[in-house]
Amino acid sequence: MNILSYLQRIGRALMVPVATLPAAAILVGIGYWIDPTGWGADNALAALLITSGNAILNNMGMLFAIGLAYGMSKDKDGAAALAGLIGFIVVINLCAPASIAMIKSMPIDEVPKAFGKINNQFVGILVGVLSAELYNRYSSVELPQALSFFSGRRLVPILNSFLMILVSFILMFIWPVVYDWLVAFGESITNLGSTGAGIYAFFNRLLIPVGLHHALNSVFWFDVAGINDIPNFLGGQKSIEAGTAIAGITGRYQAGFFPIMMFGLPGAALAIYHCARPENKAKVAGIMMAGAIAAFFTGVTEPLEFSFMFVAPVLYVLHAILTGISVYIAATMEWIAGFGFSAGFVDMLLSSRNPLAVKWYMLIPQGLVFFCLYYVVFRFTIKKFNLMTPGRELSATDETDGYDVDTAKQGRNVVNNIQEEARQYIAAVGGSDNLTGIDSCISRLRLSVKDSGLVNNRLTRHLGASGIIRLNKQNTQIIVGTRAELIASAMKEVLAKGPVAAITETQYSESDVQTKEDSQQTGTPILTLIAPVTGELVKLEDVPDEAFSSKLVGDGIAIKPTSDTVLAPIDGTVVKIFDTNHAVCIAADNGVEVIVHIGIDTVTLNGRGFERLIEEGVKVKAGEPLLKLDLDYLNVHAKSMISPVIISNIDDYFGIRMIAQDAVVAKESDLFQVI
């Protein structure tokens, strides 16, 4: 396993202890709301809540050790978590200043100050990883009969206590060096002040696609390098009195995220909606609105970020830059608010009465500015570079890149329950034979596979995934949204019942699959299309629209029509006619999906120049009239009348074989064959 894969395992396992932070933030936040200056001295309920929340925050190192030991164990067993707890207790006690002074026979005031910080998240991660590895290696060991009670899982905590003695001995010499390096790293950033905060925020966003932002966050948000921004902020008055927090400084690695998550990303969502094609706006509005609400209230931004992260990477880089600028501005102006979970409205409200929340309300006008900035930057970039953000695609029949989400479901079974969905995801990644490990985080399935090349990109998209990350040959991530954990659990349950083959029955019948395989081997045509209109042929590469010319929508040919009636090119079912009547989708009985798109950007004509002659859902014969065209109007008002005729699910077939050469006559000329 390479380093990146191992860091991925650590990153997803860290989600277990990190998930406890919202509870701590809510408890402490409400406590300070009740008694912002007395830290419970003036209110018993506030003292109860603050003390309860700090019980979590003050023991994050231990939680990291337990969470990582559990999360990285091969079967997620409690014995691994117990081993992590025991290991952490042994290390922090053996490496405590009093123990070091006794072991090394030296005055306690001469003990390096690094050992006063031994109870931290970095050591928790180290102990958790080692405990998990020990568990994975020795949890199945059988001892002789006389010692059989201590076999298997019971053996691991015992072995771990001895291993941690050795680890503690090594740390006695290594930890001061490591600690000094971490402090130097933290100081190199903190010494940059507001600029350092902005640099941190930029890389925070940039690392999200590979899931390594948690490692970076631990340096700035927790007590790894002495920064400890989140606990110090949540400590409020107590942190001020203890000298661990400074008003206007503590919280600067958090504050600038509020304008981005509450306002900036919703602005991006609005830009994506406004840039969507008219026929797709209703669906895009639902997706963008849900993501914007989640970002504003809770600070959960993955649904929005993943909607453009892969289809338009340039937008994501701009997002990272804007985040860095926002954090820099907030830190420079000393507009401070903090969070325990993420930078949403709930956390802003909870932190508003914290004495360390300095001019927190100014983050709201800053956010409004960033709302406008995101909207303008995203809309300009999308339009300028014709980026295929949600709703701008031309055909949903190819990996959800297009016309209508419902069209993508033609020719495949609709997923009825999560068990069936999980089974289909297993089939899509190469079946149970290719799948070696299943895990998840907030929004993605993290899968270990034998060969990531066997993962079926098309099928996973049809199942609803918004993106796939192939980290290397053995590790793949599938972006499925906030249902990731549920799907991962269901996948494990399905595998427990028996093997799942790497097949795609969910999309094609067995006979269809065989027919396609036979056609690829023999070159036998599956389907022949007739010309839907009379006109001159144009190569798809010469169509003045990148989505068609790059064959993103599918493969085929284009015609510049001279006849005013559009005919069905095949026998099949009309699965979609757009409200603007500019395009028709027909599905053949054998699964081939054909789109006839009249003109380029004719959707903007809002139906003028088109007359519908048939309705959705009806069966048609090749040559049957579909649309009537007002060519005089269309030739004047359309951007171009070059009309693509394409196979949108061409990835399921060997390809096409052209028959027509220069010009065709409607109904009389064969256009091309699907093979």
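This is a predicted model: local features need pLDDT of at least 70, side-chain atom pairs count only at pLDDT 80 or more; totals for chains, interfaces and linings use all residues.
Let me begin with helix α14, which is mostly covered: 16 of its 19 residues are buried. The helix runs over residues 257-275 and reaches 25 Å from its first C-alpha to its last, close to the 27 Å expected at 1.5 Å a residue. There is a kink of about 35° in α14, placed at Gly264, shortly before the proline Pro266.

For context, the chain contains 26 helices and 18 strands. Of its 675 residues, 56% count as buried. Among the contacts in the chain with a separation of 6 or more, 73% are between residues 24 or more positions apart.

I turn now to the annotation. An unreviewed UniProt entry lists residues 12-34, 46-70, 82-103, 118-135, 155-178, 257-275, 282-300 and 358-378 under "transmembrane region". Let us compare two of these spans with the coordinates. Residues 82-103 are 91% helix and 0% strand, with 27 Å between the end C-alpha atoms. For residues 118-135 the figures are 83% helix and 0% strand, and the end C-alpha atoms lie 24 Å apart.

Helix α8 covers residues 121-138.

Next, a helix pair. Two packed helices are described by the angle between their axes and the distance between the axes. For helix α5, residues 60-71, and helix α6, residues 78-94, the axes come within 7 Å and cross at roughly 145°. The crossing of α5 past α6 is right-handed. Which residues meet there? From α5 they are Gly61, Met62, Ala65, Ile66, Ala69 and Tyr70, and from α6 they are Ala80, Ala81, Gly84, Leu85 and Phe88.

Finally, I draw your attention to Asn581, in the loop between β9 (572-577) and β10 (583-587). Is this residue buried or exposed? Asn581 has a relative accessible area of 12%, and the cut-off for buried is under 20%, so Asn581 counts as buried. Leaving aside residues up to four places away in sequence, Asn581 touches Phe610, Arg612 and Leu627. Of these, Arg612 is 31 residues from Asn581 in sequence, yet their C-alpha atoms are 6.3 Å apart in space.

Definitions and conventions
Residues are numbered from 1 along each chain as its sequence is written. Side-chain values use heavy atoms; hydrogens and water are left out. UniProt positions are given in the numbering used here, feature names are shortened, and annotations may be inferred rather than shown by experiment. Helices (H or I, at least four residues) and strands (E, at least two) are DSSP runs, numbered from the N terminus. The expected span of a helix is 1.5 Å times one less than its number of residues. The bend at a residue is the angle between axes fitted to the seven residues ending there and the seven starting there. Buried means under 20% relative accessible area, exposed over 50%, partly exposed in between (1.4 Å probe, protein chains only). Axes are lines fitted to C-alpha atoms, for helices over the stretch in contact, and angles run from 0 to 180 degrees between N-to-C directions. A crossing is left-handed if the near helix is turned anticlockwise from the far one by less than a right angle, and right-handed if clockwise. Contact means heavy atoms within 4.5 Å.
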